[in-house]
Amino acid sequence: FVRVGANTEYATYVHEGTQPHRISARRAPLLVFWAGGRVVYARTVNHPGNRPNRYLTKAATRVLGSRNVRTV
């Protein structure tokens, strides 16, 4: 039995992907980011979501072989 994981808050979102969602400024009055070569300021943005990047499953499969990997 081997347990593979990551110790960051966002690891599950990267591994499993996300649906489109809204991001709002919480600790500051505005969000600040670069888009299209310029700085953008906004109170909220609509994030398009992310496709899954199953890096943990890929790493376990590479080490253990595909027949021995089971996700839980």
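Trp34 lies in strand S2, where a strand is a DSSP run of E with at least two residues and a helix a DSSP run of H or I with at least four, numbered from the N terminus. The model is a predicted one, in which local features need pLDDT of at least 70 and side-chain atom pairs count only at pLDDT 80 or more, while totals for chains, interfaces and linings use all residues. Residues are numbered from 1 along each chain as its sequence is written, and side-chain values use heavy atoms, without hydrogens and water.

**Overall layout**

The protein chain contains two helices and four strands. Their order from the N terminus is α-β-β-β-β-α. Of the 72 residues in the chain, 14% are buried; buried means under 20% relative accessible area, exposed over 50%, and partly exposed in between, with a 1.4 Å probe and protein chains only.

| Residue | Relative accessibility | Class |
|---|---|---|
| Trp34 | 66% | exposed |
| Val4 | 43% | partly exposed |
| Glu16 | 42% | partly exposed |
| Arg54 | 35% | partly exposed |

**Surface patch**

Trp34 belongs to a nonpolar surface patch together with Leu30, Val32, Val39 and Tyr41, and the accessible area of these residues together is about 560 Å². Such areas come from the Shrake-Rupley method with a 1.4 Å probe. A patch of this kind joins nonpolar side chains within 5 Å, taken from residues with over 30% relative accessible area and no salt bridge; like charges are joined within 9 Å. Strand S2 (31-35) and strand S3 (38-42) each supply at least two of the patch residues.

**Contacts across the chain**

One salt bridge is found in the whole structure, the term meaning a side-chain nitrogen of Lys or Arg within 4 Å of a carboxyl oxygen of Asp or Glu. The partners are Arg54 and Glu16, whose closest N and O atoms are 2.9 Å apart. This pair links distant parts of the chain, 38 residues apart: Arg54 is in the loop between strand S4 (44-47) and helix H2 (55-64), and Glu16 is in helix H1 (residues 11-16).

Val4 sits in the segment before H1.

**A pocket**

The second largest pocket is lined by Ile23, Ser24, Ala25, Arg26, Arg27 and Leu31. Its space is about 180 Å³.

Note on methods:
On a 1 Å grid over the protein atoms alone, a cavity is a set of points where a 1.4 Å probe fits but cannot get out, and a pocket is an open set with protein on both sides within 12 Å along at least five of seven lines; lining residues have an atom within 4 Å of a point. Grid points are joined across faces, edges and corners, and a volume is the space filled by probe spheres set on the points.
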